[in-house]
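Please take the points in order and find each residue as it comes up.

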Amino acid sequence: MGTNVEPQAPRIVAISPDDGSAIDLRNPAIAAALSWAVPGLGQLYQGRTTKGGLFMAGILTTFVIGLWLGGGRVVYASWKPGDTRWAFVCQAGAGLVALPAVVQSAQLLGPARRPLFLNGFMAPPLAPGQYVSRAYAERLVSHEADIQADDFFDKPPWKQFRRDQLAQWHRQLGKFFEIGTLYTMLAGMLNLLVIYDAWAGPLGPSEEEKRRRAGEPADAAPRPGSAPPSSTAAS
Amino acid sequence: MITLAPLTLLAACPWLVEAPILASLAGRVPGIFFGLPLVALASLIFAATHHEDPAQIRLATVHWTVWLGGMLGMVLAAVLLLGWLQ
C-alpha cells in the first residue's frame, strides 16, 4: 500500500537580515492589505507581534495626536477648485482611520448636502457660496463660535454659506493646522513602509550585501544557520 | 475596533479637540519641538522596516535618529544663519 502525500502549498518566506532566519510571510497580499487597513495588522497576521504592535502604536498614536492638534479638522477630503486637499492623499495611507473623511465629503457634496456625522468630524470646510442642509447649518451656528446665523443666505430648501470656513479654521488654529496636517501626513506615509514590510519582509541588506560592503568576497562561507542570500524564496 | 476606538472618542467628545485645550497645553510648547517626535517616529519605523531583531531595531533607531536629527539640524542652522545675515 502506498501512502498519499498531499503536496504542500509553497510558503513565501523572507530572510531576516539580522540572523538569516526565515520569516513566514503567509499570504503577502492579505498581509499588505491588512497593514494598510490598520497599521501593523499585517505583521500581526504573519505572527510578527513585536513589530506589529510597534507599528500599530507608533502610527496610530501619531495620527490621533495630529488630529487632536489640528482640532479634528486637518483630515478631510476635498477636491473643490481652490481647496484641493492633496495632504489627504498622504493621510489616506494610514488606512481606515482616514476613511470617515471620504464618507463625510461624499455626504456633504451629495444630494443630502450634510455630513453623516452632524458635528462635522472630518468634514471638509464650507466654501463661499456652498449649499448645505438646514440641519447642518443650524448645527454649525449653535456649535461653532465663528459662525453666526447671518453667515448663511436662506435659499429654501437649503442654506447657502457666504464665508470661507477654511480661512476661519486657519485663523482659529494658527500653526496647529499645519502641525496637525504634518503629523497625520507623516503617519500615512510611514505606513507605506509598513505595508511594504508586510508584503516583502524587512528591507535591510542581506548577508551577501553586508559582506560585499565589508569588502569580503561574495562567495565567502555563510555563517552557520544562515539562509541563502535571496530576499524571498519558496520552500 | 482598535482603529475606531480613538476616532469614536474624538467624535463623541468634541470638547477634546477644541481650542482652549490646545491653548493651555500644546500652545505653550515652541513650534520646533513638535518636530522631535516625528524624527523619533520616522527613525523607529525606518529601523523596524529594515530589521527583524529587536536589539538591531533599537540600534538602528538610534543611528537614524542621530543621522536624521543631524541633517535637519544642519538645515535649521543654515536657515537661521541666512536669516541672521540678512
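This is a predicted model: local features need pLDDT of at least 70, side-chain atom pairs count only at pLDDT 80 or more; totals for chains, interfaces and linings use all residues.

1. The predictor assigns the complex an ipTM of 0.81 and a pTM of 0.83. For chain B, the mean pLDDT is 83, and 70% of the residues reach 70 or more. Within chain B, confidence is lowest in helix α2 (residues 19-24), with a mean of 57, and highest in helix α3 (residues 35-48), at 95.

2. Chain B contains four helices and zero strands, in the order α-α-α-α along the sequence. Of its 86 residues, 19% are buried.

3. How many residues does each chain bring to the contact? Chain A brings 39 residues and chain B brings 29 residues. On the chain A side, α3 (49-69) and α8 each supply at least two residues. The most come from α3(A), with 12 residues. By type, the residues of chain A that touch chain B are 25 nonpolar, nine polar and five charged.

4. The largest nonpolar core holds 57 residues, and those with the most contacts inside it are I59(A), F63(A), L190(A), V194(A) and I45(B). Helix α8 (residues 175-200) of chain A gives the largest share of this core, 11 residues. A second, separate core has seven residues, among them L126(A), Y136(A), F152(A) and F161(A). As background, nonpolar side chains tend to be buried together in soluble globular proteins.

5. Which residues does V194(A) contact, leaving aside neighbours within four places in sequence? In chain A they are S35(A), P39(A), G40(A), F55(A) and I59(A), and in chain B they are I45(B) and T49(B).

6. With 26 residues and 1.5 Å a residue, α8(A) should span 38 Å, and its end C-alpha atoms are 38 Å apart, so the two agree. Just after α8(A), G201(A) has a positive phi of about 85°.

7. Strand β7 (residues 158-161) of chain A pairs with two other strands. With β5 (residues 131-133) of chain A, the pairing is antiparallel over three bridges, and Y131(A) has Q160(A) as its bridge partner. With β6 (residues 152-155) of chain A, the pairing is also antiparallel, through four bridges, and K155(A) has W158(A) as its partner. One face of β7(A), with K159(A) and F161(A), is covered, while W158(A) and Q160(A) lie on the uncovered face.

8. β6(A) and β7(A) are joined by a hairpin of two residues. The peptide bond between P156(A) and P157(A) is cis, with omega about 0°, and P157(A) lies in the loop between these two strands.

9. Most residues other than glycine have a negative phi, and most peptide bonds are trans. R113(A) is not a glycine, yet its phi is positive, about 55°. M122(A), also not a glycine, has a positive phi of about 65°. R113(A) is in the loop between α5 (99-109) and β5 of chain A, and M122(A) lies in the loop between α5 and β5 of chain A.

10. The cut-off for buried is 20 or more.

Technical notes. Residues are numbered from 1 along each chain as its sequence is written. Chains are lettered from A and ligands numbered from 1 in the order in which they are written. A nonpolar core is a set of buried Ala, Val, Leu, Ile, Met, Phe, Trp, Tyr and Cys residues joined through C-beta atoms within 7 Å. A residue is buried if 20 or more other C-beta atoms lie within 10 Å of its own, exposed if 12 or fewer, and partly exposed in between; C-beta atoms are placed from the backbone. Two residues are in contact if their C-beta atoms, placed from the backbone, lie within 7 Å. The expected span of a helix is 1.5 Å times one less than its number of residues. Two strands pair if DSSP finds at least two bridges between them. pLDDT is the predictor's confidence in each residue, from 0 to 100. Ala, Val, Leu, Ile, Met, Phe, Trp, Tyr, Cys and Pro count as nonpolar, Asp, Glu, Lys and Arg as charged, and the others, Gly among them, as polar.
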